[in-house]
Each structure stands twice: as C-alpha cells, then as structure tokens.
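Work through the exercises below with the coordinates open. Try each task before reading its solution.

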Amino acid sequence: MLFGMLCLTSPGLTRALPAYNVRVLAGHFFSSIAGSVDLNEDALQRTASVYVHWPYCLRRCSYCNFNKYISRSNNNDTMTECLQRETQTLLQLSQVSSVTSVFFGGGTPSLAHPSTIEAVLNSVSKHAHIPQNVEVTLEVNPTPLGRSKLKDFYHAGVNRFSVGVQSLSDDDLVILERDHSSHDALCTIEEASRLCPGRVSVDLMFGRPRQTIQSWDSELKEMLQVCDDHLSLYQLTVERGTQLFKQVQSGKVTVPGDDVTAEMYQRAREILHQHGFCQYEVSNFARHNAVSHHNLSYWKGRQYIGVGPGAHGRFVPLGEGGDCREARTQTLEPEVWMCEVQKKGHGTRRRIQLHQRELIEEVLVMGMRMTKGITHRHWQRFSPHVNLHRVFGTSLDVQGLLQSGKLILDERGLRCSYEGLTLLDSILPTLLLEIEQIYAPKQKDSFKVRKIGS
Ligand SMILES: C[S@@+](CC[C@H](N)C(=O)[O-])C[C@H]1O[C@@H](n2cnc3c(N)ncnc32)[C@H](O)[C@@H]1O
Ligand code: SF4
C-alpha cells in the first residue's frame, strides 16, 4: 500500500509507504511553497479549519471503504439542520474565533443541495469570523449532475473544487464501478476551472487493475493538457471489505506489484516536475502555488473541527474549560448521528485527550509528509523544551538515515530527502522510537473513551 491518501473523515490517518529505492531527482523539489501566513501562538489557539462530511453516495465504488451510505430517503432538510447545529455546537465548544478554511468532503458532497452548503457556511460565519477569500473546497464527483450544480455551489460560497476523476480510461472506470465517463470528467474539470481558475484540484489513482507504466504515463500527460493547478495522486489501496478486495482475493482481478507502482509514482513525480508542478506533500502537487491550505493545516498540526457523520476533529474544548487538545470522532451512521445532534447538539462519539507525547507523534507523522518537513519553529510550538536536534540528533539509527541521505536535519529543520519521501513509512518507526524514549509514556487515560455530557 502507499502513497499517502489523506483520509478525509480521518485526516490523522496516513497510509503506509513501501520501502524501495528511487533515483534522486534534482530540481526544485524543496523550493518553497508558501503556506498560510505565520500566526502567533494565541491566534493559533483561536483558529481552526472546518471539515464537513457529507455521508451519501449514489452507489459504492468497488475500492472504497470510506464512511458512506447509499441514500434511500430524502432527508436533506434534517441533514442540513443537523450539520448547522453541530457546526454551531463545536465552534462554541472550541471558542475558535476565526476559521481558516472549510472543506466539504464525503461521500459525495456534490449530491448535497447547494443551499445546504450555503446554510453550513452561514452557520460557520455566524459563530466565527471567516476572512474574505478563505479557501472553501467541495469534492465533486464528475457526473453530469455534479457538473450541472457547480455554478450554484460557487454562488453558495465554494471557491475551490476537488474533482474525483480517478482515471481517464473508460474501461477502468467501469472496473472501479464509477458512475461517470472520462468525457464527463473532462467536461467537469473545464467547467470547474472556468468558475474557479487556479483553484481546481483533480484526484487520480494509480496502481489500478490492468494499469501499466506506459498507460499511466499517457494518462498523466493527457490530464496535464486539461487540468488546472493542483493534482492529488493516490495509489489504489485494496481495502478489506470492498468488492475489489474480494475480486483480488479470488484472483478475478490483479493489481500491479510494488515495483511497478513504485515506478509509476516515480514517473509521475518526474512528469509533473517537467510540467512545472511542485510536490509539496507525499501525494500532492501544485503549480503557481495553488496548494490546498486546508490539507496543509492538517499536516502542520493546526486545530480542525470535524462536522458530520464519522468526521474527525482535533481541538482544545476551551468552551468547557479544557486545556488539552482532543481527538474527536463523530458518530458514523447518519441516522443515529442526526438523532444525537437533535438531542444534544452534537454527535461526538469519542473523545481522546492528546497529551504531549501523542501530540508530538501526530506532529511528526503528519509533518514529515510535507516536502519541507518540520521546521524548528513548527516543532518548538509543540515541544518548547526539547528541540529537534536533541530528540533526533544523537541517535545512531537516525544518524544512519542522515548519512544515507534519506533524512535531512539542518538549520531549517527535519525533512525527508527526495529519495527519503518514498521511504517515509520505513523511516517513521525509527523516528517514533526516539520520541518514545524522550517524552513521558503515553498517559493511561489518553486512550480511554470518555463519556460525553450534553
Ligand atoms: C473518499 S473519496 C471522496 C470523493 C468522491 N466521492 C469521489 O469518489 O471522487 C476521496 C478520494 O480518495 C481517494 N480514494 C478513495 N478510496 C481509495 C482507495 N481505496 N485507494 C486510494 N485512494 C482512494 C480517491 O482518489 C478519491 O477521490
Ligand atoms: S463516490 Fe467516492 S466516497 Fe462514494 S463510494 Fe465512490 S469513492 Fe467512495
């Protein structure tokens, strides 16, 4: 498995990276991509991004194990009210005064009515400041229906679209059980780029059944003719419990081996680089600085509020006197979640306090996904008393990674080299071991599921 899909209901999760060697590419791999403006400590405590999960899809794609449900009833109004109510509750609980980005993910949020999107954005702006031009992204399935609603989503306040193209091969789209053609996808990209020039992203998957390195090369080059300034490339993970998993287990379908997918990833990095795209994260590439500020806020360890069935959040519940960041998960099943929100104002199912060691582990795992890695300043915010050199600089195992050129620790901070980024999953255990030795053991109650009052 590999390349780092950021699970949108659960941005804290990373997927495994394979261990293999790749050729080092020079170029502007580390050239800086401007992130969001530097915020001081107080401002960071009072800001968060908001993730809103729309749990419904029209049908199940063969590979997908996300938290999604096939909608049978028309409960749009209740869903809208509940999303609004939970947004209000969680914003008040966090006492966040400014929202830095909003992301509508799913499921298929392009199935939602544009008035739902507008209503949720209104709730956000009623309870926190949304600076003008803040990034508001909506994931779009590139069906004719999705495309026909883009303009209304734009008028509802969306200013960035993330289009789930997955493949430009119609045969492959059938195998993946997608509900659109490659032609639909191209038309959707065109319309989205007309509405939000420079703010359209495309998701593509590689390592798909029957895919070859040559077909991936041509597909990428075709995509580069039509895409806007952002691409997310995910290696297809064969997830347990999916139709694809059964097909692969039974031998009905085969997926390319690790050496082939490694080569596909490498080819993609080279081709995108040649076309002026800068890699800024394991799976994400942008040109003209069109990075996803929302996803960057996860990788930088900022606070985020997760609204909707199965959404995850990370924030300090200042509103109830909390002083520790919590990992929160909302109830998965939409009908149950709606009942809870109607009763209590939120559907938070689990709360886990993140004490320093757990927080530092997340900061490391997320931060190392970025090509610029973890700067000293970034680290100091979460570990004011123990700097990066002290944690990692004296370990023999880390020295090995530094000397082999996979890892870099210098005056900028800690990061993977171009080669090292493809080996991130084999590097992380060594780094996590150092954290284990330096920071206090995990607190027992950190992993206790807390009961929540209303
Ligand atoms: C969960 S989907 C939601 C977006 C939208 N419903 C769609 O399908 O386009 C977000 C992205 O995750 C990626 N994804 C989903 N399942 C995956 C899997 N098993 N392996 C790799 N990427 C996957 C796809 O590229 C997809 O665009
Ligand atoms: S449309 Fe997206 S979320 Fe829905 S089943 Fe397909 S991949 Fe999963």
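The exercises that follow concern a predicted model.

**Exercise 1. Find the buried residues of α2 and the elements they pack against.**

Solution. 
- Step 1: apply the cut-off. A residue is buried if 20 or more other C-beta atoms lie within 10 Å of its own.
- Step 2: find the partners. The buried residues of α2 pack against strands β1 (47–54), β11 (304–307) and β12 (312–315). They also pack against helices α3 (114–127) and α12 (334–344).

**Exercise 2. Classify Asn133 and Glu177 as buried, partly exposed or exposed.**

Solution. 
- Step 1: locate both. Asn133 lies in the loop between α3 and β5 (135–140). Glu177 sits in the loop between α6 (170–175) and α7 (182–195).
- Step 2: check the backbone. Phi of Asn133 is positive, near 70°. Glu177 is not a glycine, yet its phi is about 60°.
- Step 3: count neighbours. Asn133 has 7 other C-beta atoms within 10 Å, so it is exposed. Glu177 has 14, so it is partly exposed.

**Exercise 3. Describe the shells around ligand 1 and ligand 2.**

Solution. 
- Step 1: take ligand 1. It is surrounded by 17 residues, the closest being Phe66, Gly164, Asp203, Tyr234 and Thr237.
- Step 2: trace the strands. β6 (160–166) and β7 (200–206) each supply at least two residues of this shell.
- Step 3: sort by type. The ligand 1 shell has 8 nonpolar, 6 polar and 3 charged residues.
- Step 4: take ligand 2. Its shell includes Cys57, Cys61, Cys64, Gly106 and Gly107. By type, it holds 4 nonpolar, 5 polar and 2 charged residues.
- Step 5: inspect the glycines. The peptide bond joining Gly106 and Gly107 is cis, with omega about 25°. Gly107 is in the loop between β4 (98–106) and α3.

How values were computed:
Residues are numbered from 1 along each chain as its sequence is written. Chains are lettered from A and ligands numbered from 1 in the order in which they are written. This is a predicted model: local features need pLDDT of at least 70, side-chain atom pairs count only at pLDDT 80 or more; totals for chains, interfaces and linings use all residues. A residue is buried if 20 or more other C-beta atoms lie within 10 Å of its own, exposed if 12 or fewer, and partly exposed in between; C-beta atoms are placed from the backbone. Helices (H or I, at least four residues) and strands (E, at least two) are DSSP runs, numbered from the N terminus. Two residues are in contact if their C-beta atoms, placed from the backbone, lie within 7 Å. A residue is near a molecule or strand if its C-beta atom, placed from the backbone, lies within 6 Å of it. Ala, Val, Leu, Ile, Met, Phe, Trp, Tyr, Cys and Pro count as nonpolar, Asp, Glu, Lys and Arg as charged, and the others, Gly among them, as polar.
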